[in-house]
Protein chains: 2
Amino acid sequence: MSKITTPRLPSGFNEYLPAEQIEFNRLLGIIRTVYERYGFAPLDTPDIELSEVLLAKGGGETEKQIYRFERGKNDLSLRFDLTVPLARYVAQHQGELAFPFRRYQIGKVHRAERAQAGRFREFYQCDIDVIGSDSSVVDAEFPAIINEIFEQFDFGEFTIRINNRKVLNGFFEELGLSAAATDVLRIIDKIEKISRGDLVAELHDAGCSGEQVARLLEFITIQGENDEILHKLEMVGINNEQFQAGARELHEVLTALRAMHVPERRVKLDLTITRGLDYYTGTVYETSLNDHSEVGSVCSGGRYDNLTANYSKRSLPGVGISIGLSRLFYKLREAGIIKPAQQTLARVMVAPLSPVQLARALDAAHELRAVCPVITYVDDVAIGKKLKYADKLGVRYAVLIGEDEAAAGDVTLKDMQTGENRRMPVRNVCDLLQA
Amino acid sequence: MSKITTPRLPSGFNEYLPAEQIEFNRLLGIIRTVYERYGFAPLDTPDIELSEVLLAKGGGETEKQIYRFERGKNDLSLRFDLTVPLARYVAQHQGELAFPFRRYQIGKVHRAERAQAGRFREFYQCDIDVIGSDSSVVDAEFPAIINEIFEQFDFGEFTIRINNRKVLNGFFEELGLSAAATDVLRIIDKIEKISRGDLVAELHDAGCSGEQVARLLEFITIQGENDEILHKLEMVGINNEQFQAGARELHEVLTALRAMHVPERRVKLDLTITRGLDYYTGTVYETSLNDHSEVGSVCSGGRYDNLTANYSKRSLPGVGISIGLSRLFYKLREAGIIKPAQQTLARVMVAPLSPVQLARALDAAHELRAVCPVITYVDDVAIGKKLKYADKLGVRYAVLIGEDEAAAGDVTLKDMQTGENRRMPVRNVCDLLQA
């Protein structure tokens, strides 16, 4: 007898039981279908890239989290997101792509993060990006897509917060704070986590004068309905070009969202949204579940000036979002919002009562498969064991064929929920399942 | 300006252009849908496993091809197939699974093989297995599934070759060749590649007597219709128990395949099929395309006695198949059988003639998305450029909205293949696309 090795996964890695996996895949399917409905083409880049290429941008926290290894003469790395591979792909194949290039990619990425609940070292990202368009109307498609996906997810109401980095950057310019912009942005980003007093103190430490702090606070606390905020942005009297371009783009995005039938209550202009420090350059998005703020942002993204800067001399603007489904699934499973039920996709289990009816059972299963997924139980075991199996899997119906059914040319349809048995021809079962 | 890094992939890695990716995903979708129709539940194990666990079986050629690396205190490896992770998963979660356990897994695996055309270091495997059933009728489901998938693939006629390792093993026992079985199997496996003379010489070298060689040759050249072969197996007069169990199982598989409506012409008993040396223990399968023998086996698998031997004391039999879609796709693309066409999944591109009709265009796109994938072109460029884009993508229809259309409350539907323009309300376009 061979030695027994304890079956286990490395720390920080995750896999699902069948019922969870079915539910996870159902959600992935919603994302994929909506992405495809909006004309995004699938892309699937390798898990492994050359380290030199993947890390062309260099530096940063992410680099420390990369799974990197040598193989032969190659220095290889597992991708840590889907954006850098997209940049590499677009630069590499730009002559063969049609721009604006719309792609979605759903795939696993790897980061050797400190293991903690809900943070995995391998997780799915579900990304869409449009490369090669400057249009604010394109920016508006992303909230429309988020709206459709989360409506179908049915996790309750949600809010898509929108801002534009040009508004903030222009405002900083106007205040003479451009040099300190990175620090100031980082501090503003904490607005919901720290007290007003600490915020002011940190802004002073970053070199802001009393007047600058006052104007900053006045600005980032602008609130109200979206149209009011847009109006206040006009009224604030800033003649900075960048600021005005940002305000105009926000206006265009909101106008387009109305034409796309996105409910007003789900879209909120929020001047404090920054989404990171140096990456985004225009519209930015952040999505939260109204009843589950503990989950944090469930879908975010934004516009960037030049995707391919590290790989090509051609400048290509882009805009995109990412849904981190693995984390979202974990959090909502914890919160009891996601409740996996069935261990099978089959809606019906077909079983002969004895091996004598095997051929009839296989024939019935064949007919039923034209209508829905079917599971057969053909092992020669007692019918009670077969029904227990159907019950455990969560199959709704059992189609049973014994001597009587075989003689009469029909089957017994058992409703596993009610226990009710009905005799009918297979054709009728098909009609019933199709209805 | 930042330094430009040449965008490229490591040698042996592959990615598709959009049109190829769409076609690849269409084929993956066929596989997934048929797997699900037969009641297989999805599974998705991590790409990374602990080396100690993944290599529990130890040894072999595969071990040299594994991407293995240290991270912190962990010795990690990328999975090289989906069967070992399945064994680990079943052993680890056996208390939570319902047996027979049917799962499908479609995922990437990694092998640092010598790079050559059509052999990738990262490729997809599409596996199904049933764990915990001894039934030959379960064995028959696999050819039925292969039949449905390759019928939908539409790559021309195909043949599913079936054998049973017990027949061969029992025959070897009867001949007193059990000790040399591994060598003899390896030689028989080459029957289509080497001459009859070389075959005989190799068998002699492996220690077979003249009579043993004669009986082996007589046996493995048994041919004819399936029923004839079954009949000849009975007539060959071997009273070995294993041999007879194998012959009986082959009979049961063929009988079940008829009940499952699998065309007889596609299933062929072939006593020379062995599928590797030490892994399979019962039914084995091999599938080839009749008009593309150069592609080799496109789907193979078989039954094994004990999946979880390395991870659990519980003995669980299994049976499964695997489709190596990456290689199949490469070969059929080379052969011109697979011809990617469209660069988008969208069936229609919606575009305003000028920004004035933007809201109308977004509204029309919204309505059309209820029917099919839609791509919008909202950038403010000349209509000629928009139509060129639609043409390059391969979209069938363009829905255009200018001043006249907006005033009349309808759209112009342009058939990109014929060039024909027709004015109609959006609702009629929906009907037309749905038909």
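Let me start with a term: a residue is buried when its relative accessible area is under 20%, exposed when over 50%, and partly exposed in between, using a 1.4 Å probe and protein chains only.

Now, what we are looking at. This is a predicted model, where local features need pLDDT of at least 70, side-chain atom pairs count only at pLDDT 80 or more, and totals for chains, interfaces and linings use all residues. Residues are numbered from 1 along each chain as its sequence is written, chains are lettered from A in the order in which they are written, and side-chain values use heavy atoms, with hydrogens and water left out.

Start with chain A. It has 435 residues, and 58% of them are buried. I count 16 helices and 16 strands in chain A. Helices (H or I, at least four residues) and strands (E, at least two) are DSSP runs, numbered from the N terminus. The C-alpha atoms of chain A fill a box of roughly 90 × 55 × 45 Å along the principal axes.

A:Val200 is partly exposed, because its relative accessibility is 23%. Its C-alpha atom is 71 Å from that of A:Glu367, which is 167 residues away along the chain.

Next, the two chains together.

On to charges. Side chains of opposite charge can pair when their charged atoms come close. We call it a salt bridge when a side-chain nitrogen of Lys or Arg is within 4 Å of a carboxyl oxygen of Asp or Glu. Over all chains, the count is 54 salt bridges.

Here is one in chain A. A:Arg161 pairs with A:Asp270, and their closest N and O atoms are 3.3 Å apart. A:Arg161 is in strand 7 (residues 158–164) and A:Asp270 is in the loop between strand 8 (267–269) and strand 9 (283–289), so the pair ties together parts 109 residues apart in sequence. A:Arg161 is partly exposed at 24%, while A:Asp270 is buried at 14%.

Now one in chain B. B:Arg88 and B:Glu49 meet at 2.8 Å, N to O. B:Arg88 lies in helix 4 (residues 83–93) and B:Glu49 in strand 2 (residues 48–50), 39 residues apart. Are these two buried or exposed? B:Arg88 is buried, with a relative accessible area of 1%. B:Glu49 is buried too, at 0%.

Another pair in chain B is B:Arg422 with B:Glu420, at 3.9 Å between the closest N and O atoms. Here B:Arg422 is partly exposed at 38%, and B:Glu420 is partly exposed at 42%. Salt bridges can also share partners: A:Asp44, A:Asp47, A:Arg79, B:Lys108 and B:Glu122 are joined into one network.

That is where I stop. Thanks.
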